[in-house]
Amino acid sequence: MPGTSALEIIEMLLVATIGIILSIIPYVTEKSIIFGVRVPVEFRSTAQVRKAQITYFIGVLLVTALSEVLVFTVVYRYYLLLAVYPLFIVLLAFFVYLPEHYAIAKRKRDERWVEQANQTVTAQFVTAGTARLPWVYAVPGLLVLIALFVIGILHYPSIPSTFPTHFGYNGAPNHYSAKSIGTVFLVGFISIAITALMLLIAYAVSRTPFRVDNSSSQSMEKGEIFRYRMTAMILLIPAFINTTMLLSSLQMWGIFKPGNYLILSILAPVFAMLVLVVVVSYLTGQLGSNIRKPRNADVSGNTAGIKEESMKDDDIYWRAGVVYVNRRDQRWLVPKRFGVGYTLNFGHPGTIALMTLLFVIVLIAIFIH
Amino acid sequence: MLRITVDHNSKEPPYKQIYDQIVSQISSGDIAMDDALPPSRTLAGVLDVNFHTVNRSYQMLRDNGIISLTRKRKYVVTAGRHDERSANEFFSREQELISDALARGFGEEEIIDIIRKVLTTRSKNRKGDY
């Protein structure tokens, strides 16, 4: 394709990656959650579930393919659109999800699935004894961060008094800055902030209690493995992001020569990170639902012998099956319903405050840029 | 690791289920001495039960000297008061159990064996390996 810029390639890869991730979500949720609806064991007829999953899967892939075409023909002209385009894909996938969600919710109401089901709830907490954060996963990211500053300090004298700080999509510099600690290490400082944020999120994720899926065997053990893997992955994220930041700094400092596809190699760690997150998420499943044989299976009298039972219905707390609102729940973070990972409790007063703060920060960032 | 299951179909009231499970996990070592239990609102929120239900369980645990409320308003597993009063209570509960067993024809040796068995089959505190 003549004149395909690096930016177009990145955008296409991004759209494709996001589209694939979104399309397989139904295959990684808890077994008792079908398109954001809690379905008792007795009513999970496999045929109906599979049909809904495949419909969604194909629907999302179609939407993704359509979006790819748009990247080529329309989107790449508008620089600003490229940034929000991935969010647009998420929105489209959501509209593929919604009809499935409401269809099942309606069947559940009409056929009165809840009245006939069992009513148990199992909560899993981390106590102080088991709350050790697996810090080892944070080490690579910290090492890269240290390397960034060490290289920068050693190379500082060699940086010219004005140096390129922004590069166009074809790899050529299009903005220069006066040399100062602030400009030379801006990317480094951003890395520190991101690393700190990830550590904070990992801590919050590792400490948040959750309900396990009673209708899955060995749900407690699987839940614990899930918690551990999520925490470890979040601690690993800075390793990838900081590498990208390091490469970007090296480009700015003239240690990497600019080139047409340099930007692809700078973003490669981020794609590697996405691949890791997707693979681990798929193999683990939400709350460990895709784990076959948990290696930490306990044979104590406590957890052995818990029958696969339906859970107490908690649909009322989930708007459209994706937004959790529960004022009586003190948790900030709760496991997602449709996806792997965590989401915020929007019934928690602090969450609204946090969202506002983030919104303000994003506005400021855009304004600076 | 604290794990609580509330079965709303069970004959046992929820507060009793919570109480029993906490006691069981403390005795098996899944919850260690000086560990803090989650605040009652938090536990109630995650378990999706009434806040007063959890409070009732915690109160019972406090009354029996199993946990206590620290100055920082945390519920901490304490060494427990095995003072004279709780020793007497334990004694009379044991008396009932043993009288019942004797009446069913269990011999003294058998009873002691069963007590030993109970003590040794508590699960050890497992460190997870993943």
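Leaving aside its neighbours within four places in sequence, which residues is A:Tyr27 in contact with? In this predicted model, local features need pLDDT of at least 70 and side-chain atom pairs count only at pLDDT 80 or more, while totals for chains, interfaces and linings use all residues. Residues are numbered from 1 along each chain as its sequence is written, chains are lettered from A and ligands numbered from 1 in the order in which they are written, and side-chain values use heavy atoms, with hydrogens and water left out.

Beyond those neighbours, A:Tyr27 is in contact (heavy atoms within 4.5 Å) with A:Gln53, A:Ile54, A:Phe57, A:Tyr282 and A:Asn290. The residue sits in the loop between helix 1 (6-23) and strand 1 (33-34) of chain A; helices (H or I, at least four residues) and strands (E, at least two) are DSSP runs, numbered from the N terminus. With a relative accessible area of 28%, A:Tyr27 is partly exposed; buried means under 20%, exposed over 50%, and partly exposed in between (1.4 Å probe, protein chains only).

Elsewhere in chain A, helix 6 (residues 186-207) and helix 7 (residues 219-252) pack at an angle of about 175 degrees, with their axes 9 Å apart. Here axes are lines fitted to C-alpha atoms, for helices over the stretch in contact, and angles run from 0 to 180 degrees between N-to-C directions. The angle therefore makes helix 6 of chain A roughly antiparallel to helix 7 of chain A (under 35 degrees counts as roughly parallel, over 145 as roughly antiparallel, 65 to 115 as roughly perpendicular and the rest as oblique). Among the residues making this contact are A:Ile190 and A:Ile194 of helix 6 and A:Met230 and A:Ile234 of helix 7 of chain A.

The largest nonpolar core has 41 residues, and A:Met230 and A:Trp253 have the most contacts inside it. Such a core is a set of buried Ala, Val, Leu, Ile, Met, Phe, Trp, Tyr and Cys residues joined through side-chain atoms within 4.5 Å. Helix 7 of chain A gives the most to this core, with 14 residues. Leaving aside neighbours within four places in sequence, the contacts of A:Trp253 include A:Leu148, A:Ile151 and A:Phe185.

In chain B, helix 1 (residues 14-28) has 15 residues and reaches 21 Å from its first C-alpha to its last. Its buried residues include B:Tyr15, B:Ile18 and B:Ile22. Just after helix 1 of chain B, B:Gly29 takes a positive phi of about 90 degrees.

Note on methods
The expected span of a helix is 1.5 Å times one less than its number of residues.
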